[in-house]
Amino acid sequence: MTKAFLDENFLLSNPTAEILYHQYAKDMPIIDYHCHLSPQEIYENKEFKNITEAWLYGDHYKWRLMRANGVEERLITGDAEDYDKFLAWAKTVPTLIGNPLYHWTHLELQRFFGVHELLNEQNAPLIWEKVNQKLQGQGFGARDLIVNSKVTVVCTTDDPTDHLEYHKQICKLSDFPVAVLPSFRPDKALEINRETFQPWVARLGEVSGLDVSGFEGFLNALASRVRHFHAAGGRVSDHALDTVVYEEATREEAAAIFGKALKEGRVTPLEEAKYKSYVLVFLGKQYAELGWAMQYHIHALRNNNTAMFRHLGPDTGYDSVNDGSFARSLAALLDAQELAGGLPRTILYSLNPVDYPVLASLAGCFQSGGTVGKIQFGTAWWFNDHIEGMQEQMKLLANQGVLSRFIGMLTDSRSFLSYTRHEYFRRILCDLIGTWVQEGKAPEDLELLGAMVQNICYNNAEQYFNFPTVVHSK
Ligand SMILES: O=C[C@H](O)[C@@H](O)[C@@H](O)[C@H](O)C(=O)O
């Protein structure tokens, strides 16, 4: 018999999977420990004038698919009317069978708006009306969407020079029981050969009030920003390692390279590798001292289309998967951090699934007694965030490590409607475990498996990050 599409047992292919999902996973709250939501929009409880604003203004996943479907840019990021943009998306959706966005789109329509039709050109006008009416009513502001999705913690992604004003203001909202915490993302401090480096260092000097013209002062300023983030509740950092390099460097060498970059604007690849290695080890130590977790997002190849980059800037749908040999460099980097006494809890993600065995096996080399799941092989990221991608990551983790200690899913999203991705993940997780039971590869011990599922959905992340609970300051 054909399985119903998107009913309550969506993606659950056997009875154990159904029990695990409905009785254990479904109602667990969410810790969204990595996303790109705007703290300002959360603070302002942003209301959306229509579904185009909520769905299409910032979502480069949708933009890529619309482009691939031949939709003109005017109807994607251009100046077309919001309704026409929505219609262009509605026309695209039926072409997306097999793509996770076909699922996400309809899960969002069902869960947030009670719309059970499958979006297409014909029903687009009615769905536009129905959804917009809800969006414009009570309970659809950014904060409402977060609360109604049972989210307890949101970690935004922030530049070290950010004042974190909105995070601080959010703390004062007595009627919002969610911790919105900053994540420290110092890519601009590391990318010494980019044109952003010199202005960024100058800004760091202004914001920290320290003299950053020398390396010592620069490191002190970075450390002071780490503490600033900590005071605002930050417990996570995030590093984009589009390529992974490691070259041992002394402080004197790193200082000389820093000076050269400030003066000449350019250093050699070897110098860049030495500088990055030194600063990463330094930062890792700061994080470890404060009990933070460190995230490495590896192997994205960004801004590949120069013409469109000039037109739209970064994060607009022109990134892809990077490759390259990196096992030795990453191993050496983690090793140097460990030797320096400063390897924090670390989460390793790669955009290239070919890298998964490297990450999963390397994680095992730096686990240490006393910290549960210290080094995490992180959840399937971005281009891998689909059924097979998540299965692959979890199966490999189960084979090489301790799946029960996995800290699970994050949204990585730019939209307040993306929380259904946790539902998607949870269904896939429960189906995976349920299938093992079905096939006699795992015992039918619901107490054991139910606890495992709940831990992966929520409890592990709660324990791993140990985020401060929401304390509403005055
Ligand atoms: O899921 C994809 C994301 O939104 C993507 O844009 C981010 O993961 C970003 O590139 C980053 O490096 O943090």
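The legends below describe close-up views of a predicted model.

**View A. Residues around the ligand.** The shell around the ligand consists of H36, A240, H297, A300, D315, W382, D412 and R414. By residue class, this shell divides into three nonpolar, two polar and three charged residues.

**View B. Strand β2 and its pairing with β1.** Strand β2 covers residues 151-158. Seven of its eight residues are buried, so β2 is largely enclosed by the rest of the structure. Strand β1, residues 30-32, runs parallel to β2, and three bridges join the two. I31 has V153 of β2 as its bridge partner.

View C. Strand β3 spans residues 179-184, and six of its six residues are buried. A179, L181 and S183 point one way from β3, while V180, P182 and F184 point the other way; residues of both sets are buried. Strands β2 and β3 pair in the parallel sense over six bridges. One of the residue pairs is D158 with F184, the latter being its bridge partner in β3. T157 stands opposite S183 of β3. With strand β4, residues 236-241, β3 also pairs in the parallel sense, here over two bridges. F184 has S237 as its bridge partner in β4.

View D. Most residues other than glycine have a negative phi. K150, which is not a glycine, has a positive phi of about 60°. K150 sits in the loop between α8 (142-148) and β2. There are 14 C-beta neighbours inside 10 Å of K150, and it therefore counts as partly exposed. L164 is not a glycine either, and has a positive phi of about 60°. The loop that holds L164 lies between β2 and α9. L164 is buried, because 20 other C-beta atoms lie within 10 Å, and 20 or more is the criterion for a buried residue.

View E. Helix α7 comprises residues 124-136, which makes 13 residues. From its first C-alpha to its last, α7 reaches 18 Å, close to the 18 Å expected at 1.5 Å a residue. I127, V131, N132 and L135 are the buried residues of α7. These cover an arc of only 120° around the axis, which puts them on the same side of α7. The exposed residues L126, E129, Q133 and Q136 are carried on the face of α7 turned away from its buried side.

**View F. Helix α12 and its buried face.** Helix α12, residues 215-231, has 17 residues. The distance from its first C-alpha to its last is 24 Å, close to the 24 Å expected at 1.5 Å a residue. Buried in α12 are F215, F218, L219, A221, L222, R225, V226 and F229. Seen down the axis of α12, these buried residues fall within an arc of 160°, so they line one face of the helix.

View G. Helix α13 runs over residues 251-264. Its 14 residues should span 20 Å at 1.5 Å a residue, and the end C-alpha atoms are 20 Å apart, which agrees. The buried residues here are A254, I257, F258 and A261. Down the axis of α13, the buried residues fall within an arc of 100°, so they line one face of the helix. Exposed residues E252, K263 and E264 are found on the face of α13 turned away from its buried side.

**View H. D335 in helix α16.** D335 belongs to helix α16, residues 327-339. With 15 other C-beta atoms within 10 Å, D335 is partly exposed. D335 and S325 lie 10 residues apart in sequence, and their C-alpha atoms are 17 Å apart in space.

Notes:
Residues numbered from 1 in each chain as written. Predicted model: local features only at pLDDT ≥ 70, side-chain atom pairs only at ≥ 80, totals over all residues. Near = placed C-beta within 6 Å. Nonpolar A, V, L, I, M, F, W, Y, C, P; charged D, E, K, R; others polar. Buried ≥ 20, exposed ≤ 12 C-beta atoms within 10 Å, placed from the backbone. Helix = DSSP H or I, 4+ residues; strand = E, 2+ residues; numbered from the N terminus. Pairing = 2+ DSSP bridges. Expected span 1.5 Å × (residues − 1). Arc of directions from axis to C-beta.
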